[in-house]
Amino acid sequence: MSDKKITKPLSRNAGHEVLGHFSIVICEELKRYGLPEHDANEAALNLMVAMKKEFGGQIIYFPLSQLAKNDSKAVETHEKFKAGKTIPELVFETGHSTQWVYRLIANGRAIRKAEREAKRQAADR
């Protein structure tokens with residue numbers, strides 16, 4: 001792969017579709033921060049070349065959000081699971097992957113356990 005800078009105009013169809021889309025997102029953010037369009041395009045495309053070199057061939061997961069870290073979401077999902085909702089139903093309802101729903105349930109279970117422990121310790125005092 002050449003270390004030459006890419007300066008051609010940005011389009012969704014240039015190169016790999018996902019990398020092209022990443023370039024567009026990065027370009028738009030750079031322009032929002034005041035970089036002129038030409039410079040933003042060039043920087044975005046060059047970043048994609050660097051990303052391909054650094055991470056090429058790897059599967060990279062971008063979480064949809066920080067919802068799993070949100071205690072109330074985890075507790076809510078755990079409660080729904082305990083009430084009889086199935087994993088596929090929770091996947092559909094939350095829009096998360098099966099693995100993420102399992103993580104939400106586990107986090108909710110851990111939160112409830114910690115709450116019970118705290119109550120027991122407070123009662124023992």
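This is a predicted model: local features need pLDDT of at least 70, side-chain atom pairs count only at pLDDT 80 or more; totals for chains, interfaces and linings use all residues.
What pattern does the chain follow, read along the sequence? The answer is α-α-α-α-α.

The chain has five helices and zero strands.

Next, the chain as a whole. It has 125 residues, and 22% of them count as buried. Its accessible surface is about 9300 Å², and carbon and sulfur atoms hold 56% of that area. As for contacts, take those in the chain with a separation of 6 or more: 54% of them are between residues 24 or more positions apart.

Now the inside. In soluble globular proteins, nonpolar side chains tend to be buried together. In this model, the largest nonpolar core is made of five residues, namely A74, V75, W100, L104 and I111. Two elements give two or more residues to this core: α3, which spans 71-82, and α5, which spans 98-124. The most comes from α5, which supplies three residues. You can find W100 on your screen and start from there, as W100 is one of the five core residues.

Last, the largest pocket. How much space lies in it? About 310 Å³. The lining has 14 residues, and the closest to the pocket centre are L19, F22, F55, Q58 and I60. The elements that give two or more residues to this lining are α1, residues 17-32, and α2, residues 37-55. By type, the lining residues are 10 nonpolar, three polar and one charged.

To recap the two sites: α3 and α5 for the core, α1 and α2 for the pocket lining. That is all I have.

Conventions: Residues are numbered from 1 along each chain as its sequence is written. Side-chain values use heavy atoms; hydrogens and water are left out. A nonpolar core is a set of buried Ala, Val, Leu, Ile, Met, Phe, Trp, Tyr and Cys residues joined through side-chain atoms within 4.5 Å. Buried means under 20% relative accessible area, exposed over 50%, partly exposed in between (1.4 Å probe, protein chains only). Helices (H or I, at least four residues) and strands (E, at least two) are DSSP runs, numbered from the N terminus. Contact means heavy atoms within 4.5 Å. Accessible areas come from the Shrake-Rupley method with a 1.4 Å probe; for residues, only the protein chains shown count as cover. On a 1 Å grid over the protein atoms alone, a cavity is a set of points where a 1.4 Å probe fits but cannot get out, and a pocket is an open set with protein on both sides within 12 Å along at least five of seven lines; lining residues have an atom within 4 Å of a point. Grid points are joined across faces, edges and corners, and a volume is the space filled by probe spheres set on the points. Ala, Val, Leu, Ile, Met, Phe, Trp, Tyr, Cys and Pro count as nonpolar, Asp, Glu, Lys and Arg as charged, and the others, Gly among them, as polar.
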